[in-house]
Amino acid sequence: MTYDGILSHLKTKNINISLYDSVSSTNTLLKEMAVNGEKDGKVVVALSQTAGRGRYDRKFYSDKGGIYLSVLFRPDTKGFDTTLLTSAAAVAVSDAIEKTSDKTTQIKWVNDILINNKKVCGILCEGGFTGNNGFVIVGIGINAYTDKNGLNNEIKDIATTVFDTPCPQLSEKLCASVVDNLFYQYQNLEKREFLNTYRKKSVVLGKTVTVIPKNASTSVAKVLEIDDNCRLLLEFENGEKRYLSTGEISIKI
Ligand code: BTN
């Protein structure tokens with residue numbers, strides 16, 4: 001992927017993008033930039049990361065061939081809903097993958113993108129403050145393709161790639177499409193247009209799942225609904241119904 005290649009596909013005007021060969025983590029780098037006053041809408045893209053991070057402080061494998069990007073948003077509303085943005089970001093990536101490849105995607109609540117039930121993209125939203133003003137960083141890691149060595153051994157059974165062969169030009173198109181879609185979703189977040197697609201692509205809606213809280217024992221529940229704030233309405237085996245928000249739990253289908 002090259003800077004000019006990404007820009008040639010980008011439709012959104014005046015986006016400030018930096019492309020790096022390798023960084024520790026695009027989220028960490030952009031967070032530092034944000035604290036030092038970087039403006040709303042800054043995009044950082046890297047071809048590889050040495051310390052890519054996932055949710056719950058998990059390592060995110062970030063070898064060459066993937067697309068690792070972070071976008072800085074400075075929402076002007078106090079009660080900005082990060083869960084909504086995270087879910088909208090999932091739809092942004094999912095649409096971009098389907099537009100750029102012949103693959104069909106699914107979304108696993110909250111924000112894993114799957115192809116044939118294997119993970120192809122993870123999203124990590126992080127918040128912070130510059131003085132009194134809050135900011136959000138949306139970090140997106142996509143397994144676009146791998147070289148002949150394939151995906152890392154630790155993830156090869158649970159992860160997959162968008163493209164079957166190395167194709168940097170398609171990755172540039174995919175990267176630009178993700179950025180375009182994400183800006184659109186951010187600017188139209190209140191309209192919640194993405195919810196239809198989010199529900200349609202959900203692999204958990206209507207399914208029985210194992211709920212895995214951070215510090216408690218697991219339980220089994222049926223997913224009855226994804227509400228307008230992207231919370232899951234769960235019905236547990238004892239008949240209890242409860243809404244769950246992002247961050248509280250992970251689930252296994
Ligand atoms: C997850 O699957 O748990 C989320 C993974 C998020 C990975 C992306 S890659 C770009 C950005 N920089 C990071 O260190 N993490 C996010």
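Author: Helices (H or I, at least four residues) and strands (E, at least two) are DSSP runs, numbered from the N terminus. This is a predicted model, where local features need pLDDT of at least 70, side-chain atom pairs count only at pLDDT 80 or more, and totals for chains, interfaces and linings use all residues. Residues are numbered from 1 along each chain as its sequence is written, and side-chain values use heavy atoms, with hydrogens and water left out.

Reader: Ok, how many residues of strand E7 are buried?

Author: In E7 (residues 133–142), 8 of the 10 residues are buried, so the strand is largely enclosed by the rest of the structure.

Reader: And which sense does E7 pair in with E6?

Author: Antiparallel, over 10 bridges, with E6 spanning residues 118–130. Two strands pair if DSSP finds at least two bridges between them. Gly-122 sits opposite Gly-141 of E7. The two strands make a hairpin with 2 residues between them, and Gly-131 in that turn has a positive phi of about 60°.

Reader: What about E3 and E7, how many bridges there?

Author: E3 and E7 are antiparallel too, joined by 7 bridges. Leu-69 faces Ile-140 in E7.

Reader: Switching to the ligand. Which residues come nearest?

Author: Ser-25, Gln-49, Arg-53, Arg-55 and Lys-119, out of 19 residues around the ligand; near means a heavy atom within 4 Å.

Reader: What are the polar distances for Ser-25 and Gln-49?

Author: A polar side-chain atom of Ser-25 is 2.7 Å from a ligand oxygen atom, and one of Gln-49 is 3.0 Å from a ligand nitrogen atom. Arg-53 uses a polar backbone atom, 2.7 Å from a nitrogen atom of the ligand.

Reader: How much of the ligand's accessible area does the protein cover?

Author: 98% of the 410 Å² that the ligand has on its own, by the Shrake-Rupley method with a 1.4 Å probe.

Reader: Which element gives the most to the shell?

Author: E6, with 4 residues. Helix H2 (26–35), E3, E6 and E7 each supply at least two.

Methods: Buried means under 20% relative accessible area, exposed over 50%, partly exposed in between (1.4 Å probe, protein chains only). A polar contact is a pair of N or O atoms within 3.5 Å; within protein, one must be able to donate a hydrogen and the other to accept it, and residues adjacent in sequence count only if both atoms are side-chain atoms.
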